[in-house]
Amino acid sequence: IDIGTVDGIKVGQTIIGIKKDEVNNGLVIGRIIAAQPFQAEAELITSPAVTIKVKTENGAEGKLRSDGGQWQINEVLQKFTLTPGQLIITAGGDGWPAGLALGRVAEVFKDDEAVYQKAGVEKLLAIESLSQVFVISD
């Protein structure tokens, strides 16, 4: 991105995009991984290296990962009900701020004999189409 340390940018800060018709507090798209005086490098949540602790609006907790461009929530205990359309937000406690939207539950994959269930995630924002992003300051 075209701002850097002279603008107060620091490694670890979260980057969001806005889609007001969906969620007003912003949608997580990545975080700063390197900062120089006039520019910064971001790691997008579409990277397979990124894992984010998340929860649904009914409290189901899991981990969001990108797998071949598709997002999934993994490690959701069977006791939770996952329903298509549920909003997925950051849970916090892992370096990402809590309460920021990521997507919605799409398809649920449940095996009653497994410890965990998982779900596909519908992205709420096409990251590649953004021309403006916002960095959350400390």
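Is Glu 75 buried or exposed, or does the residue fall in between? Glu 75 is partly exposed, with a relative accessible area of 31%, where buried means under 20% relative accessible area, exposed means over 50%, and partly exposed lies in between, for a 1.4 Å probe and protein chains only. The model is predicted, so local features need pLDDT of at least 70 and side-chain atom pairs count only at pLDDT 80 or more, while totals for chains, interfaces and linings use all residues. Residues are numbered from 1 along each chain as its sequence is written, and side-chain values use heavy atoms, with hydrogens and water left out.

Glu 75 lies in strand S6, strands being DSSP runs of E with at least two residues, numbered from the N terminus. Although Glu 75 is not a glycine, its phi is positive, at about 60 degrees. Across the whole structure, a search finds 2 salt bridges, a salt bridge being a side-chain nitrogen of Lys or Arg within 4 Å of a carboxyl oxygen of Asp or Glu. In general, side chains of opposite charge can pair when their charged atoms come close.

| Salt bridge | N to O distance |
|---|---|
| Glu 75 and Lys 63 | 3.6 Å |
| Glu 75 and Arg 65 | 3.5 Å |

Glu 75 in strand S6 and Arg 65 in strand S5 lie 10 residues apart in sequence, so their pair ties these parts together. Arg 65 is partly exposed, with a relative accessible area of 27%, and salt bridges that share partners join Lys 63, Arg 65 and Glu 75 into one network. Lys 63 is also partly exposed, at a relative accessible area of 29%.

**Strand pairing around S6**

Asp 67 has Gln 70 in S6 as its bridge partner, and S5 and S6 form a hairpin with 2 residues between them, in whose turn Gly 68 has a positive phi of about 65 degrees. S6 is also joined to S9 by 5 bridges, and this pair runs antiparallel.

Gln 72 lies in strand S6 and is buried, with a relative accessible area of 19%. Not counting residues up to four places away in sequence, Gln 72 touches several residues, among them Lys 63, Arg 65, Phe 109 and Val 121, where contact means heavy atoms within 4.5 Å.

Leu 77, placed in strand S6, is partly exposed, with a relative accessible area of 35%, and stands opposite Tyr 116 in S9. With neighbours within four places in sequence left aside, Leu 77 is in contact with Glu 61, Val 115, Tyr 116 and Gln 117. Leu 77, Val 115 and Tyr 116 form a nonpolar patch on the surface, with about 280 Å² of accessible area together. Such patches are made of residues with over 30% relative accessible area and no salt bridge, with like charges joined within 9 Å and nonpolar side chains (Val, Leu, Ile, Met, Phe, Trp, Tyr) within 5 Å; accessible areas come from the Shrake-Rupley method with a 1.4 Å probe, and for residues only the protein chains shown count as cover.

Val 115 lies in the loop between strand S8 (101-109) and strand S9 (116-123) and is exposed, with a relative accessible area of 56%. The flanking strands S8 and S9 form a hairpin with 6 residues between them; they run antiparallel and are joined by 5 bridges, and the bridge partner of Val 105 is Val 121 in S9.

**The nonpolar core**

A nonpolar core is a set of buried Ala, Val, Leu, Ile, Met, Phe, Trp, Tyr and Cys residues joined through side-chain atoms within 4.5 Å. Of the 31 residues in the largest such core, Ile 45, Ile 52, Val 54, Ile 73, Ile 88 and Leu 102 touch the most other members. Elements that give two or more residues to this core include S1 (14-19), S2 (23-35), S4 (51-56) and S6 (70-77), and the largest share, 4 residues, comes from S2. Leaving aside neighbours within four places in sequence, Val 54 is in contact with residues including Leu 64, Ile 73, Ile 88 and Leu 102.

Note on methods. Pairing = 2+ DSSP bridges.
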